[in-house]
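Grab a pencil and work through these exercises on a protein model. Try each task yourself before you read its solution.

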Amino acid sequence: MNDSKQVQRRQFNRWLVSASLIPMAGKVLALEALRPKARVAVVGAGIVGSAITYHLAKRGLDVTLLDRNAVASASSHGTFAWINASWAKQPESYHALNQMGVDAWHRLQQALNLPIKWGGSLEWFAAAERQDRLSRDVQEQQAWGEPAKMLTQLEASALEPRVAFGGAGHVALSPRDGALDPVLVSQRLVNAAKSHGARVIEHCEVLRVDETAEDQRQKILGTSCGDIAVDRLVLATGADPSAIQTFAGFDLPQRSTPGVIVITQPMPPVLSHIVVAPGIHIHQRLDGRLVLGEQEGAPENAAHKLRLTARPTRFPNAATASQHAQRLITLASEYLTGLPEVNAEEVIIGWRPLPLDGHPVIGPSPADPNAYVAVMHSGVSLAAIVGELVAEEILTGERAPVLTPFRADRGFESVKRY
Ligand SMILES: Cc1cc2nc3c(=O)[nH]c(=O)nc-3n(C[C@H](O)[C@H](O)[C@H](O)COP(=O)(O)OP(=O)(O)OC[C@H]3O[C@@H](n4cnc5c(N)ncnc54)[C@H](O)[C@@H]3O)c2cc1C
């Protein structure tokens, strides 16, 4: 498909999505417009909560962002941080939301001078059957308006001379993809929100939410740093297993999975694309650090199961962390040749916020229209667009049709993604 056809196709997709030709999920959840200067509390200062706070504050609401830890200290710290609308994003409505996510990051980058590295991604698999599926997925993406294509190994090598593509006959190029430093970008969003008057309170845990006797629409948040009265509550609490039930009154079934992320010391430029090789993901940030993410989770055995029940974000000791870092560095070196000495600076276990069907949950709680939920995987790809759409919905009370498939009152079928 040529470029102008792809653009037309993308515009058509957007129209399709915004014209709400997608099936409605469950009943229509009510949303009431907020008065100017209404008080909104956003719980969770990950990349999603930070983006929502920025957009709400920019639009004049009186916003308080709270986190029990620091900005971007949970999933938005232990993440690979790849911005994409690529093959894993299915069906079309979810792909379209991710395409809008990529566009929204460009807008935010321009508005706030954010450090985002665009350069595209190169992906391939070891198994022939998986490679075939990748080719089919790339064709599907082309039909959905994405300029992805399969390259020969020679073409891929010309783009990334240091990468050993091994026996890969073909490599998928997704040229619109990018990556960011999620902690730095979240902090920039928070600072921009503060410049629009938002209050940001770190190390403050929300413990309970009460309704006031005078006005049921008002809430009092009982927090570890005192009570806070608000008109609307936004829960961007990520993988927290109980926050949605406790504060929004409904069960959001999640199957959070862990992943190891290694961040190396800075090095001169060696890689311009995000590389998704068999077993490992690699990109180099603008600050020169390589980010390594493993494709598989922990081995499924009783010892791991027991260790993981406490949801650790660090390995039990420095020696184990270093073994895991070395394991990922060795794997990365198989694909990235001629590297200088690579030393790990950070080894993190990240926990994915992962609704059971793998898709975001965005919208008012079915149990309480004044509690709004934004919990999702691919939160890095989606934060910029989710920030825009959630602010618009909360402010105006008008539902964005593009979010219809992602409401909280849908049936949650279990689908294994990530
Ligand atoms: C290994 C791994 C790789 C990933 N790779 C990618 C990728 O390449 N691309 C992509 O798009 N996505 C990726 N993801 C997913 C992405 O990182 C997440 O979707 C995103 O970071 C979620 O951001 P968030 O702000 O919703 O949640 P979080 O960053 O987890 O923030 C939630 C915050 O809520 C706070 N909180 C919870 N309860 C309370 C309370 N009661 N009081 C106060 N604070 C509270 C927590 O302290 C936390 O800081 C990956 C995730 C992992 C783990």
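**Exercise 1. Work out how α2 (47-58) lies against helix α6 (residues 182-195).**

Solution. Start with the axes, which are lines fitted to C-alpha atoms over the stretch in contact, with angles running from 0 to 180 degrees between N-to-C directions. The axes of α2 and α6 come within 8 Å and cross at roughly 25 degrees. That angle makes α2 roughly parallel to α6 (under 35 degrees counts as roughly parallel, over 145 as roughly antiparallel, 65 to 115 as roughly perpendicular and the rest as oblique). Next, the hand: α2 and α6 cross in a left-handed way (the near helix is turned anticlockwise from the far one by less than a right angle; clockwise would be right-handed). Now find who touches whom, where contact puts C-beta atoms, placed from the backbone, within 7 Å. From α2 you get I47, S50, A51, T53, Y54 and A57, and from α6 P182, V185, S186, L189, V190, A192 and A193. Sorted by class, this contact has 10 nonpolar, three polar and no charged residues (Ala, Val, Leu, Ile, Met, Phe, Trp, Tyr, Cys and Pro count as nonpolar, Asp, Glu, Lys and Arg as charged, and the others, Gly among them, as polar).

Two notes before you go on. This is a predicted model, where local features need pLDDT of at least 70, side-chain atom pairs count only at pLDDT 80 or more, and totals for chains, interfaces and linings use all residues. Residues are numbered from 1 along each chain as its sequence is written. Helices (H or I, at least four residues) and strands (E, at least two) are DSSP runs, numbered from the N terminus.

**Exercise 2. Describe how α2 packs on α10 (379-396).**

Solution. First, the geometry: the angle is about 35 degrees and the axes are 8 Å apart. The crossing of α2 past α10 is right-handed. Then list the partners: among them are I47, V48 and A51 of α2, plus G379, V380 and A383 of α10. Finally, the classes come out as 13 nonpolar, three polar and one charged.

**Exercise 3. Find the angle between helix α3 (residues 92-112) and α10.**

Solution. These two pack at about 80 degrees, with axes 7 Å apart. That makes α3 roughly perpendicular to α10. In α3, L97, N98, M100, G101, A104, W105 and L108 meet S381, L382, A384, I385 and E388 of α10. The contact divides into eight nonpolar, three polar and one charged residue.

**Exercise 4. Which residues come nearest to the ligand, and which elements supply its shell?**

Solution. Of the 41 residues around the ligand, G46, G238, G259, G350 and G379 come nearest. α2, β14 (258-264), β18 (344-351) and α10 each supply at least two shell residues. By class, the shell holds 18 nonpolar, 18 polar and five charged residues.

Technical notes:
A residue is near a molecule or strand if its C-beta atom, placed from the backbone, lies within 6 Å of it. Two residues are in contact if their C-beta atoms, placed from the backbone, lie within 7 Å.
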